[in-house]
Amino acid sequence: MSVLELGAASNTPEAPNQAPPLVGYNVYSSDTHLIEAVKREGAAWADGRLNELGALLGTEEAQRWGFEANENEPVLHTHDRFGNRRDEVVFHPSWHRLIRTSVERQIHSLPWTEPRRGAHVARAALLMITAQNELGHTCPLSMTFSAVAALRADPELARQWEPRMVAPSYDPRFRPPAEKTGILVGMGMTEKQGGSDVRSNTTRAERLADSREYLITGHKWFCSAPMCDAFLVLAQAPQGLSCFLLPRWTPAGERNRFHIQRLKRKMGNRSNASSEVEFAGAWASLVGEEGRGVQTIIDMVQCTRLDCVIASAALMRQAVAQAVHHARHRRAFRRSLIDQPLMRNVLADLVLESHAATLLMARLARAFDLRHADERESGFARIATAISKYWLCKRAPSHVGEALECLGGNGYVEESIMPRLYREAPLYSIWEGSGNVICLDILRALTKAPRALDAVIHEIKQGAGADRRLDAHLSRVESELDRRVQQRSSNGDLTSEAEARRLAEVLALALQASLMVRYGSSAEADAFVSSRIAGNGGHTFGTLPTNGDAQSIVSPIADSLAVYGSAP
Ligand SMILES: Cc1cc2nc3c(=O)[nH]c(=O)nc-3n(C[C@H](O)[C@H](O)[C@H](O)COP(=O)(O)OP(=O)(O)OC[C@H]3O[C@@H](n4cnc5c(N)ncnc54)[C@H](O)[C@@H]3O)c2cc1C
């Protein structure tokens with residue numbers, strides 16, 4: 001061997017004490033919390049589909065799609081080489097593979113095509129496992145799924161558009177919808193001068209003769225997935241803010257005047273294109289009644305909020321799976337990390353949070369299944385969507401950040417997936433109603449839909465009798481709410497706006513605790529109530545009281561992942 005060859009040889013040819021990648025695993029069958037929730041909430045029939053997708057998503061190949069779609073960001077082409085407008089975004093092939101995989105499994109449509117008991121729960125579980133692999137591509141799927149709910153307000157439009165929206169066929173060609181086997185639909189509400197305050201929208205809609213056709217002029221400041229085939233947008237019509245279906249192609253087969261100005265440079269969610277668009281007299285159809293745009297689009301918004309809840313539960317589950325897997329394989333100070341008492345406390349706290357998120361997400365999905373047939377479930381869906389959206393989306397960023405730290409420096413490196421999860425996590429609290437706006441929505445629900453409050457109290461009380469600390473908390477919450485109902489302020493509000501986050505938090509924790517005492521293990525129920533209800537936890541993860549059984553909280557997760565990766 002020459003001197004140069006000797007010099008080139010590595011001094012550390014092996015990488016001892018490194019955890020193997022969490023690959024070749026079944027994202028669904030390794031998640032006992034999700035499996036139990038799916039069965040309990042009425043979707044046991046979807047077990048086969050979930051197992052099939054779970055196995056695919058855990059493969060090295062499917063994981064690579066997620067990385068490639070994010071490392072190769074979409075590129076906007078505003079014009080062709082002759083100066084004609086093109087307004088097309090080009091994506092990496094892995095983006096298309098991800099969407100095709102999800103569309104073929106009806107993550108964008110299942111409850112609409114198979115409206116059987118548990119369809120929303122089944123779809124929620126499919127989305128939850130998909131989102132653990134890659135979240136950006138679920139944006140157009142979520143919007144398409146949700147748009148169906150709003151479009152049904154207009155039976156004629158639904159008749160024309162719904163069949164292609166719900167088809168299990170992904171057709172990425174930029175062609176008029178009639179030529180395609182499947183289409184996707186996005187949404188445009190947010191404008192420069194206001195996102196939450198949609199009534200400040202300045203985009204105008206001018207009616208064409210005596211028809212339901214309009215020309216839209218204005219802009220949208222955030223318009224994600226601009227290669228969708230059509231968008232539900234809000235614009236000011238003579239009777240007020242109205243909802244429109246604005247396609248990328250006009251019925252005459254011409255490109256609509258939908259001009260993509262630029263793509264946002266985003267903190268995360270990089271596989272997905274989010275754009276700024278201008279409408280220069282773009283053709284659109286009125287959806288529902290003129291002047292009732294918010295009421296029309298609200299059905300879509302409720303569904304996308306459900307998906308924010310699912311996405312946040314997914315982020316927490318993937319983060320905790322990675323953290324437990326790493327801690328099981330990595331040794332420090334002569335012991336596996338998972339056996340270090342302080343690390344076990346951190347992991348147990350993270351597992352609890354993730355499990356509570358899964359419980360709440362699945363219970364909410366069941367309410368979506370039952371809401372049209374059962375008044376109480378309808379009230380529950382109304383308010384629990386906002387409560388869960390606020391709480392899970394708020395918990396996800398700090399949860400993922402803590403899980404990332406469990407991997408030490410490796411968690412800060414892109415290949416670990418943790419930075420991608422971390423950058424993604426804050427989005428769900430911003431999108432579709434930022435934290436404060438959601439809390440104000442909870443106040444609105446309490447004021448305008450008193451049955452919603454009854455429904456949430458009823459659900460919380462299902463956990464009564466299991467833990468006296470929870471019982472005491474429930475009676476305090478109930479009597480406080482009763483007192484406020486008796487003393488409603490002159491405008492009907494139960495509480496001042498400034499108190500709304502506190503109220504949301506109390507209700508969210510009571511709901512999660514109620515679910516945990518019913519469906520968690522006794523160690524989990526005890527630790528959850530003790531740390532989150534009885535005040536025996538700290539302000540960071542890893543501060544569970546030490547008289548609990550952290551090992552029995554963490555071990556089932558470690559065991560379910562143990563068959564993956566080489567033995568420590
Ligand atoms: C990656 C990404 C993709 C997006 N995609 C889309 C899309 O496809 N279509 C679309 O329409 N929008 C989209 N959005 C926009 C998103 O929905 C808005 O950013 C969001 O609704 C907040 O609106 P805003 O940005 O105008 O903030 P603002 O409305 O200005 O709110 C700023 C802050 O003030 C708070 N706030 C607002 N009102 C009150 C109040 N009365 N009291 C107390 N606090 C208040 C909010 O909670 C928030 O924290 C996207 C955003 C992101 C980040």
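This is a predicted model: local features need pLDDT of at least 70, side-chain atom pairs count only at pLDDT 80 or more; totals for chains, interfaces and linings use all residues.

Colleague: Okay, then is Phe174 buried or exposed?

Modeller: Its relative accessibility comes out at 13%. The limit for buried is under 20%, so Phe174 counts as buried.

Colleague: Which residue does Phe174 make an aromatic pair with, and what kind of pair is it?

Modeller: The partner is Trp249, with 5.1 Å centre to centre and 50 degrees between the planes. Stacked needs under 30 degrees and edge-to-face needs over 60. At 50 degrees, the pair of Phe174 and Trp249 is tilted.

Colleague: How many residues apart are Phe174 and Trp249?

Modeller: Phe174 is in the loop between helix H9 (155-166) and strand S3 (185-188). Trp249 is in the loop between strand S7 (240-247) and strand S8 (258-263). The pair links distant parts of the chain, 75 residues apart.

Colleague: And which residue lies over the face of Trp249?

Modeller: Trp249 itself is buried, with a relative accessible area of 8%. At 5.4 Å from its ring centre, lying over the face, is Arg175.

Colleague: Where else does a charged end sit over a ring, and how far is it from the centre?

Modeller: Look at Phe222: the charged end over its ring belongs to Lys264. The distance from the ring centre is 4.4 Å.

Colleague: Back to ring pairs. How many aromatic pairs are there by the count?

Modeller: To pair, ring centres have to lie within 6.5 Å. Ring pairs also link Phe231, Phe258 and Phe279 into a cluster. The count of aromatic pairs is 6.

Colleague: What about Phe91 and Trp95: what kind of pair do they form?

Modeller: Both Phe91 and Trp95 are buried. Their rings are 4.5 Å centre to centre, with 10 degrees between the planes. Under 30 degrees is the cut-off, so this pair is stacked.

Colleague: Let's do Thr203. Which side chain does its own side chain join in a polar contact?

Modeller: Thr203 is in the loop between S3 and strand S4 (204-207), and at 0% relative accessibility it counts as buried. Its side chain also reaches the backbone oxygen of His219 at 3.1 Å. The side-chain partner, at 2.7 Å, is Glu191.

Colleague: In which helix is His399, and what is its relative accessibility?

Modeller: His399 is in helix H12 (residues 375-406). Beyond its neighbours within four places in sequence, His399 is in contact with residues including Met316, Leu350, Glu353 and Phe541. His399 counts as buried, with a relative accessibility of 0%.

Terms used
Residues are numbered from 1 along each chain as its sequence is written. Side-chain values use heavy atoms; hydrogens and water are left out. Buried means under 20% relative accessible area, exposed over 50%, partly exposed in between (1.4 Å probe, protein chains only). Helices (H or I, at least four residues) and strands (E, at least two) are DSSP runs, numbered from the N terminus. A charge sits over a ring if NZ of Lys or CZ of Arg is within 6 Å of the ring centre and within 35 degrees of the ring normal. Contact means heavy atoms within 4.5 Å. A polar contact is a pair of N or O atoms within 3.5 Å; within protein, one must be able to donate a hydrogen and the other to accept it, and residues adjacent in sequence count only if both atoms are side-chain atoms.
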